[in-house]
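Please look at the sequence and the model before reading on.

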Amino acid sequence: MLLSVTAGLDLTAFAETYSGTCGDNVTCSLDTETGVLTISGWVICTDMII
C-alpha cells in the first residue's frame, strides 16, 4: 500500500551552486549536489606565520 501512495510523488532533489568572491582575486563556489567547495585565486600574505 505504501508503494502505491508514493509512486506518484517526485522526490528529486534540486542541486544548486553557490558562488562568491573575497576581495578582488579570490572566488569560491559550492556545488550542493556533490558537496565540493572550490576556492581559487591568489592573495599576497605578509603576516603569515607557519
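The text below goes from the overall layout to the strands, then to the cysteines, a surface patch and one serine.

**Overall layout**

The model is predicted, not determined by experiment. The protein has one helix and three strands, and along the sequence these follow the pattern α-β-β-β. Of its 50 residues, 2% count as buried. The protein exposes about 4,900 Å², and carbon and sulfur atoms supply 62% of that area. Contacts can also be sorted by how far apart the two residues are in sequence. Among contacts in the protein with a separation of 6 or more, residues 24 or more positions apart account for 0%.

**The strands and their hairpins**

Strand β1 covers residues 17–22, strand β2 covers residues 26–31, and strand β3 covers residues 36–41. β1 and β2 pair in the antiparallel sense over six bridges.

In the hairpin of β2 and β3, four residues lie between the strands, and Gly 35 takes a positive phi near 80°.

How well are the strands covered? β1 is hardly covered, since the count of buried residues among its six residues is zero. For β3, the number buried is zero out of six residues, so this strand lies largely in the open.

**The cysteines**

How many disulfides does a search of the whole structure find? The search finds zero. The sulfur of Cys 22 has its closest cysteine sulfur in Cys 28, at 7.8 Å. A disulfide requires the two sulfur atoms to be within 2.5 Å, so this pair is too far apart for a bond. Cys 22 is exposed, with a relative accessible area of 56%, while Cys 28 counts as partly exposed at 32%.

| Residue | Relative accessible area | Class |
|---|---|---|
| Cys 22 | 56% | exposed |
| Tyr 18 | 46% | partly exposed |
| Cys 28 | 32% | partly exposed |
| Ser 29 | 25% | partly exposed |

**A nonpolar patch**

Tyr 18, Leu 30, Leu 37 and Ile 39 form a nonpolar patch on the surface. Together they have about 420 Å² of accessible area. Tyr 18 lies in strand β1 and is partly exposed, at 46% relative accessibility.

**Ser 29 and its contacts**

Ser 29 lies in strand β2. With a relative accessible area of 25%, Ser 29 is partly exposed. Which residues does Ser 29 contact, leaving aside its neighbours within four places in sequence? They are Thr 17, Tyr 18, Ser 19, Val 36, Leu 37 and Thr 38. Ser 29 and Thr 17 are 12 residues apart in sequence, and their C-alpha atoms are 6.7 Å apart in space.

Note on methods
Residues numbered from 1 in each chain as written. Predicted model: local features only at pLDDT ≥ 70, side-chain atom pairs only at ≥ 80, totals over all residues. Heavy atoms only, no water. Buried < 20%, exposed > 50% of the residue type's maximum accessible area, 1.4 Å probe, protein only. Helix = DSSP H or I, 4+ residues; strand = E, 2+ residues; numbered from the N terminus. Pairing = 2+ DSSP bridges. Patch = residues over 30% accessible without salt bridge, like charges linked within 9 Å, V, L, I, M, F, W, Y side chains within 5 Å. Areas by Shrake-Rupley, 256 points an atom, 1.4 Å probe, with all protein chains shown as cover. Salt bridge = Lys/Arg side-chain N within 4 Å of Asp/Glu carboxyl O. Contact = heavy atoms within 4.5 Å.
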